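The entries follow in the order in which I made them.

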Amino acid sequence: MTTQQLRPIVSVFPIKGKVKTIKQVPLPSVFSAPIRPDVVRFVHTNMAKNNRQAHAVSTTAGEQTSATSWGTGRAVARIPRVKGSGTGRSGQAAFGNMCRGGRMYAPKKVWRKWHRKINTNQKRYAVCSAIAATAVTPLVMSRGHRVNKLPELPLVVSDQLQSLTKTRQAVKFLKFIGAYRDVEKVIRTKKTRVGQGKYRNRRHVLRKGPMVVYARNLGIKKAFRNIPGVETASVYTLNLLKLAPGSQMGRFIIWTESAFKLLEDIYGSWEKPSKFKSGFYLPRPVMVNTDVERIIKSDQVQTVLRNRRPRSRKYGKKIQRADPYEDMSVMLKLNPYYKTKLQKQKELEEKNKEERKEIVDKSRKEYEDWLYFSEEEEEEEEEGSDEDREIEVLSDEN
Amino acid sequence: MSKQVPETIKKQSKRSFNSKEVKKEKNEKRMKLLKEIQTKAFKRAEKYEKEYLEQEQKLVELKQKALKEGSFYREPEPKLAFIIRIRGIVGVPPKPRKILQLLRLRRIYSGVFIRLNKSSLRMLHFIDPYVTWGYPDVETVRALIYKRGHARVNHQRKIIDSNEMIYDKLQKYDIVCMEDLVHEIFTVGKNFKHANSFLWAFKLKPPVGGFSTVKKSFVNKGEHGNREQYINTLVKKMI
């Protein structure tokens, strides 16, 4: 992986004296393998089945009778019943799984599939994940190991550890390096097993303590053998069931220097294959950089994005609006000319009114003139021809 | 003491489409546009008022002229009709039902404008018993669009509350304000189709004072069918 060109440095500690770095080694590529709890879980559950011993129920259990059903008409259930008489057993139900003394439902057979095959690559993937998890302090702590006092994780110590022979020396070393707290935890929490295992030769239950991984056994195995909780393992044969007990990743491991260095050869890297596992390269993660938020917010991405579309008011709020014929402000928003229009109409009306008024006045005047003038005429006529009129009247009457 | 702003946020706000400067610019542009629209609206409304007045006067002139000469003036046939559906949706035969659907008259007392030509007249013939229609005048068209005019925006029915709405949709047909819309509809201009389809079908109220009998045609003292200029009084009762 290009991101792993630069490998971090890990300190190597001595096994006695002062806890300080005596040497520095690069971190093997395995520790950057993807940590896949799902793979580890799958492989672990199947691997754990592989140390099972077959068990079964006797083939004849519950079948050793010659029971026959009594059939109908006898006011009893139709289950096969034991033949004969003279004993309590006679007439009792037999054979069925529901019967007392009958055979069980689906009697267990030895030819049950006890072991599981797992693809080699999957197994290796799980082991790589588990090893990588041992370097992640939060994972180790969450597994329950007491690692507060350790100088560093992953914990690598000098090869002198491999030459230890006495348990006393081993304990002294653990105390020196700060790993004894984990051992103390194991001792403190040793309990009788809950359940029937206790009288099946599995009386006590112990926690898992530190695991010591070595390259060469020069006495180390025996030295650590009797310390409760501590396990030793050769780096060539790391067992997933020990690296991730209960499929829980993050075992506390103490590596010897040569074992640590060997990891690079045993598991290889993404560029170089493993020397011991033919054709095996370290598994590649699905995502190299999992900080998605940072990727999205980076300059490289943001400058190439198109502009954010305006929030679509597809189903926006219902717009309320007053009746424009009742609310002038609404009307003016829609038709700014409206006010002017009304004004003009008013002016026109007024003008028409005036015009009409003129016309009406004129005609009225004419009418009055005519009236007045006709009255004058009448008066004049009356003055002039009074007598003539009377005469005429008289003559008419005659 | 100024707050420490994380660099990513600073960078983001610079790049941002919605940054303050960009928003400000957009808003200014919009305000300018609105002002333009309103000035246009004013001028055009003025123009149209004159136009309508002139039209009326012209009509009167021509009639008087014809009378003087002792002949007749045949008015141009109406181009615009307003249809109101006055029967419900129960028991409508398939052909009228389809035609009513095509004309967007999907419920009772819904109204639409329609351009009158041979095809549409034939359609109206089929749906006569279910509708009443006539020739609206300017004031009716105005009242309908102002008071009950809803726009079809984004497949939704939204009341027209500003000229901006009209501008957004009909700017390319040179219709930018209410008066433009009224004018286009009333005079059945080049873009009548677009102006009309911009408007959602009018939802009117049942008439104040009621109908006489919808079963008979208007001509027979009923209500359905063509009622020419009397549609104006009816719309006043239903608006």
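**Thr256(A).** I looked up Thr256(A) and found it in strand β10 (residues 253-256) of chain A. Helices (H or I, at least four residues) and strands (E, at least two) are DSSP runs, numbered from the N terminus. Thr256(A) has a relative accessible area of 0% and counts as buried. Buried means under 20% relative accessible area, exposed over 50%, and partly exposed in between, with a 1.4 Å probe and protein chains only. I then listed the contacts of Thr256(A), leaving aside neighbours within four places in sequence: Val156(A), Val157(A), Asp159(A), Leu161(A), Gln162(A), Val213(A), Tyr214(A) and Ala215(A). Contact means heavy atoms within 4.5 Å.

**Ground rules.** This is a predicted model, in which local features need pLDDT of at least 70 and side-chain atom pairs count only at pLDDT 80 or more, while totals for chains, interfaces and linings use all residues. Residues are numbered from 1 along each chain as its sequence is written, chains are lettered from A and ligands numbered from 1 in the order in which they are written, and side-chain values use heavy atoms, with hydrogens and water left out.

**Met47(A).** I placed Met47(A) in helix α1 (residues 37-47) of chain A. Its relative accessibility is 15%, so Met47(A) counts as buried. Which residues does Met47(A) touch, not counting residues up to four places away in sequence? I found Ile118(A), Lys123(A), Asn239(A), Leu240(A) and Leu241(A). For Met47(A) and Leu241(A), the C-alpha to C-alpha distance is 7.5 Å, and they are 194 residues apart in sequence.

**Backbone.** Most residues other than glycine have a negative phi, and most peptide bonds are trans. I noted a cis peptide bond between Leu153(A) and Pro154(A), with omega about 5°. Pro154(A) sits in the loop between α3 (137-143) and β5 (155-157) of chain A. In chain B I noted Arg104(B), a residue other than glycine with a positive phi, near 65°. Arg104(B) lies in the loop between α3 (94-102) and β2 (110-115) of chain B, and at 29% relative accessible area Arg104(B) is partly exposed. Asp174(B) also has a positive phi, near 65°. Asp174(B) belongs to the loop between α6 (163-170) and α7 (178-186) of chain B, and with 47% relative accessibility Asp174(B) counts as partly exposed.

**Chain B.** I counted nine helices and seven strands in chain B. Of its 239 residues, 41% count as buried. Among contacts in chain B with a separation of 6 or more, 69% come from residues 24 or more positions apart. The accessible surface of chain B is about 15000 Å², and carbon and sulfur atoms hold 54% of that. Accessible areas come from the Shrake-Rupley method with a 1.4 Å probe; for residues, only the protein chains shown count as cover.

**Largest pocket.** I read off about 1500 Å³ of space in the largest pocket. Its lining has 36 residues, and the closest to its centre are Tyr52(B), Gln55(B), Glu56(B), Val138(B) and Phe186(B). The elements that give two or more residues to this lining are α12 (338-384) of chain A and, from chain B, α2 (20-69) and α5 (138-148). α2(B) gives the most, twelve residues. On a 1 Å grid over the protein atoms alone, a cavity is a set of points where a 1.4 Å probe fits but cannot get out, and a pocket is an open set with protein on both sides within 12 Å along at least five of seven lines; lining residues have an atom within 4 Å of a point. Grid points are joined across faces, edges and corners, and a volume is the space filled by probe spheres set on the points. I sorted the pocket lining by class into 15 nonpolar, five polar and 16 charged residues. Ala, Val, Leu, Ile, Met, Phe, Trp, Tyr, Cys and Pro count as nonpolar, Asp, Glu, Lys and Arg as charged, and the others, Gly among them, as polar.

**Cavity.** I found one cavity of 30 Å³ or more. The largest cavity has a volume of about 30 Å³ and is lined by Lys297(A), Gln302(A), Thr8(B), Lys11(B), Gln12(B) and Arg15(B). Helix α1 (residues 7-15) of chain B gives the most to this lining, four residues.
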